[in-house]
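The sections below take up charged pairs, strands and some individual residues.

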Amino acid sequence: MSSNIFVLLYYKFTPVKDAKFEAKQHKLVCKGIGLNGRIIIGEEGINGTVAGNRAQLKEYTDYMDSHPDFKGIVFKRSVAPKMPFHKMIVKYRPEIVTLGKKVDLKKTGKYLKPEQMHELFEKGEDMVVVDMRNNYEWEVGRFDGAIQPDTVRFFELPEKVKNLKIDKNKKVVTYCTGGIRCEKAILELQDQGYQNVYQLDGGILNYLEQLPNQDFEGECFVFDEREALAPDLSARVQGA
């Protein structure tokens, strides 16, 4: 199915001096371009999903690359059979992904590129793969053998990690949709004593873009009207 509508998912942890003003300004920019979607801006950065045609998204990415705080973002692109958002929403929030506690975002975890994770699957690496999305997302689709900490909301994670029955010296590989939740989740695991923790760089969407139809079972849940993406990143057809 051909489509003129594309979706960009992205995030960046970066200090934003006046995040409330930036949220208002960003909404004006997006509406001026003609985009729809949802964006969260806070003092710790930006987290967004926007949809439009090629020309609109080119104008938006050019704007972002010229922005002193937001330049250098890696956008994850997928196709929509129709516009998946009804309007453009830009909100200010203290956290761009809500864990409910402060973490030192100057710290970073260890990243695995998609091909590195695929290699671990291929050789049967002794590891635990942990899905850092919520349980209803995990039920729609997941990597082979992945477990989920039984969260309904991401802010439940610190308490749920305490109940994980995993050897803290064992290799743990985390993943989420686009990578943002793992940025905080991996720090939480380390804070609770896990010594050998990795995160999938760019999340499921990056993995399936690089390695479609490999290692992922089911569909990837997305927070828009498409509901889910197949392992080749095609959108579910409504009513199918």
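## Terms and basis

A salt bridge is a side-chain nitrogen of Lys or Arg within 4 Å of a carboxyl oxygen of Asp or Glu. The model is predicted, so to speak of local features a pLDDT of at least 70 is needed, side-chain atom pairs count only at pLDDT 80 or more, and totals for chains, interfaces and linings use all residues. Residues are numbered from 1 along each chain as its sequence is written, and side-chain values use heavy atoms, with hydrogens and water left out.

## Salt bridges

The structure holds 13 salt bridges. One of them joins Asp 126 and Lys 170, whose closest N and O atoms are 2.6 Å apart. Asp 126 lies in the loop between α3 (114–122) and β7, and Lys 170 in the loop between α5 (157–161) and β9, so the pair ties together parts that are 44 residues apart in sequence. Helices (H or I, at least four residues) and strands (E, at least two) are DSSP runs, numbered from the N terminus. Asp 126 counts as exposed at 56% relative accessibility, and Lys 170 as partly exposed at 25%. Buried means under 20% relative accessible area, exposed over 50%, and partly exposed in between (1.4 Å probe, protein chains only).

Lys 184 and Glu 95 also meet through their side chains in a salt bridge, at 2.7 Å from N to O. Here Lys 184 belongs to helix α6 (residues 180–191) and Glu 95 to the loop between β5 (88–92) and β6, so parts 89 residues apart in sequence are tied together. Lys 184 is buried, at 1% relative accessibility, and Glu 95 is buried at 17%.

## Strands

Four strands form an open sheet with parallel pairing, in the order β6-β10-β9-β7. Its edge strands, β6 (110–112) and β7 (127–131), each pair on one side only. Two strands pair if DSSP finds at least two bridges between them. Within this sheet, β9 (residues 171–175) and β10 (residues 197–200) are joined in the parallel sense by three bridges; Val 173 has Tyr 198 in β10 as its bridge partner.

Elsewhere, strand β1 (residues 5–13) runs antiparallel to β4, with five bridges between them. Leu 8 stands opposite Arg 77 in β4. Strand β4 (residues 76–80) has a covered face of Lys 76, Ser 78 and Ala 80, while Arg 77 and Val 79 make up the uncovered one.

## Buried residues

Which residues does Leu 57 touch, not counting those up to four places away in sequence? They are Phe 6, Val 7, Leu 8, Leu 35, Val 50, Ala 51, Gly 52 and Arg 77, where contact means heavy atoms within 4.5 Å. Leu 57 sits in helix α2 and is buried, with a relative accessible area of 1%.

Glu 22, in helix α1 (residues 19–33), is buried yet has no salt bridge; Lys 17, the nearest side chain of opposite charge, is 12 Å away. Beyond four places in sequence, the contacts of Glu 22 are Val 16, Ile 41, Tyr 63, His 67 and Phe 70.

Thr 14, in the loop between β1 and α1, is buried at 13% relative accessibility. Among its contacts beyond four places in sequence are Glu 43, Glu 44 and Asp 69.

Terms used. Lys, Arg positive; Asp, Glu negative; His and termini not counted.
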